[in-house]
Amino acid sequence: MLLLFSVVLIAINGLVSGQCSSCTPVFQTCPPTGGLCNKLDTAVANHPYDKVINFYMPQYLSPAQLNGISCGGCSQIRLRHITITGVSGMPGGLNNPYYSQGGSYDVQNGDTIGCARFCGTPLVPGLYPVTVYLSADVTAIGTPIGNVDANNQAQSYKD
């Protein structure tokens, strides 16, 4: 009986904590200004969940596209590289998402579409605001002192 109970616990743990599989980015429904291309469906507690979200990272953005970000009067922001550094707020039972290309995107060389797969079985009902943290290598173009580059220092943005 103890052996059967142990096997069941190991099997449940494997189902709950297994890793998400890969995803393939799809550009359909992506806004030309960048951002999320689709939204995740609502998950139901104690039911398996497996959904993919796609996102688009254009090489050039206007300051108006980045809510609350100031770039010293620049006319454009050039994205060179973006790395997803973490995620918080995931409900228990859902795994940290799998990101295409390991969450690192060389935007300046055309790597502008990505995806994330969220999977697992949420254990407790509730509302869970999920935050994704990014580190971006950017250049502010057209400031009063010329183009400004942070010399590969991480810039953060939260949406």
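With sulfur atoms within 2.5 Å taken as the criterion, the count in the predicted structure comes to 3 disulfides. A disulfide is a covalent bond between the sulfur atoms of two cysteines.

One of these bonds joins cysteine 20 to cysteine 119, with an S to S distance of 2.1 Å. Distant parts of the chain are linked by this pair, since cysteine 20 lies in the loop between helix H1 (2-17) and strand E1 (35-36), while cysteine 119 belongs to strand E7 (residues 113-120), 99 residues apart. The torsion about the S-S bond of cysteine 20 and cysteine 119 is -115°, and the link is left-handed; both cysteine 20 and cysteine 119 are buried.

A further disulfide, between cysteine 23 and cysteine 115, likewise has an S to S distance of 2.1 Å. Because cysteine 23 is located in the loop between H1 and E1 and cysteine 115 in strand E7, the pair ties together parts that are 92 residues apart in sequence. The torsion about the S-S bond of cysteine 23 and cysteine 115 is about 105°, and the disulfide is therefore right-handed. Cysteine 23 has a relative accessible area of 9% and is therefore buried, and cysteine 115, with a relative accessible area of 0%, is buried as well.

The remaining disulfide joins cysteine 30 to cysteine 37, with an S to S distance of 1.9 Å. The link of cysteine 30 and cysteine 37 is right-handed, with 95° about the S-S bond, and both cysteine 30 and cysteine 37 are buried.

Notes. Residues numbered from 1 in each chain as written. Predicted model: local features only at pLDDT ≥ 70, side-chain atom pairs only at ≥ 80, totals over all residues. Heavy atoms only, no water. Helix = DSSP H or I, 4+ residues; strand = E, 2+ residues; numbered from the N terminus. Buried < 20%, exposed > 50% of the residue type's maximum accessible area, 1.4 Å probe, protein only.
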